[in-house]
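Subject: Structure handover and notes

Hello,

Here is the structure for your files. My notes follow it.

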Amino acid sequence: MGILCLNPSIQLFPNIPQFRAIRNTKFKAIAARLNDPQTTTTTENQQQQLNLSVLRFTLGIPGLDESYLPRWIGYGFGSLLILNHFAGSDAASITPAQMRTEALGLSLAAFSIALPYLGRFLKGATQVDQSILPEAADQIFVMSQNISNCEKEDLAWATYVLLRNTNTISVLISVRGQLCVRGYWNTPNDISKGQILDWFQQQIEKMGLSDITDTLYFPQITDSGLGEMLPNGTRSLLVQPMLHASVPSAKKVKKVEGFCMLASSMGYAYSDKDIAWIKAIANKFEVE
């Protein structure tokens, strides 16, 4: 599946009808699985795999961005080399070989320090403070109630790891008409908690996301042209569809089962690696 990356100068949804679903999607109950013991055991094992396969390596230190780990390693080893040169060696006993070794070590330390910045430059990411949160937006966490507890756990876990491991401030997952919304969103002040999912469904239909079959990535957008539900200050938007592949009469047909939408306050927030990782999480909800 290809990735559609749009030009930043183009408004996000100028031609809504070409993406709009033909029919209105309503909340429908997910069909119950057969209560066969072997099938139930297999399903539970598959659901447990979600909790293991979507994890990324982190040190678990609050406030520490692991992407800057090479920089701190470079600072540490570079400082040790300088300290050893001035405090651990006699100036008269320093050999040319030691000088070359120290120069090489300092060069490697400098490269390690610059590595995070080089990575961001090559990806085209902008230097934006990730701690900046959107103004006039509500932090919410709601999901459809007419689904099983196992599916609720999967949706809650998927939205958590997407917010935790990417530059995302808002995430919405729609699977077969069922919604899970988490993060910062622009919601009406006069709407009740019981009506908020219906409101999100209406916004999804307005944006025409129900029948999207290709990955949509808007790396640099402005507030103009955004949907009502996206928070102010959104700079990147990624929509990853979930497709169900069926083979009727030897012809493979892909049916849209849902999508995963992520918004970020950073321009160029998602690299190719991030998009591939997000797609892997979305694949967990695809039906064979």
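Some conventions before the rest. This is a predicted model, in which local features need pLDDT of at least 70 and side-chain atom pairs count only at pLDDT 80 or more, while totals for chains, interfaces and linings use all residues. Residues are numbered from 1 along each chain as its sequence is written, and side-chain values use heavy atoms, with hydrogens and water left out. Helices (H or I, at least four residues) and strands (E, at least two) are DSSP runs, numbered from the N terminus.

Helix α5
Nine of the twelve residues of α5 are buried, so the helix is largely enclosed by the rest of the structure. Buried means under 20% relative accessible area, exposed over 50%, and partly exposed in between (1.4 Å probe, protein chains only). The buried residues of α5 are I196, L197, W199, F200, Q201, Q203, I204, E205 and M207. G208 follows α5 and has a positive phi, near 70°.

Helix α6
For the twelve residues of α6, 1.5 Å a residue gives 16 Å, and the end C-alpha atoms are 16 Å apart, which agrees. D274, I275, W277, I278, I281 and A282 are buried in α6. Seen down the helix axis, these buried residues fall within an arc of 165°, so they line one face of α6; the arc is that of the directions from the axis to the C-beta atoms. D272 and K273, on the other side of α6, are exposed.

Packing of α4 and α6
Helix α4 (residues 149-165) packs against α6 (residues 272-283) at an angle of about 175°, with the axes 11 Å apart. The two are therefore roughly antiparallel, a label for angles over 145 degrees. In the contact (heavy atoms within 4.5 Å), α4 supplies A158, V161, L162 and N165, and α6 supplies W277, I278 and I281.

R176, in the loop between β3 (170-175) and β4 (178-185), is not a glycine but has a positive phi of about 50°. Its relative accessibility is 27%, so R176 counts as partly exposed. Y268, in the loop between β7 (253-264) and α6, is likewise not a glycine and has a positive phi of about 55°. At 30% relative accessibility, Y268 counts as partly exposed.

Regards

Note on methods:
Axes are lines fitted to C-alpha atoms, for helices over the stretch in contact, and angles run from 0 to 180 degrees between N-to-C directions. Angles under 35 degrees count as roughly parallel, over 145 as roughly antiparallel, 65 to 115 as roughly perpendicular and the rest as oblique. The expected span of a helix is 1.5 Å times one less than its number of residues.
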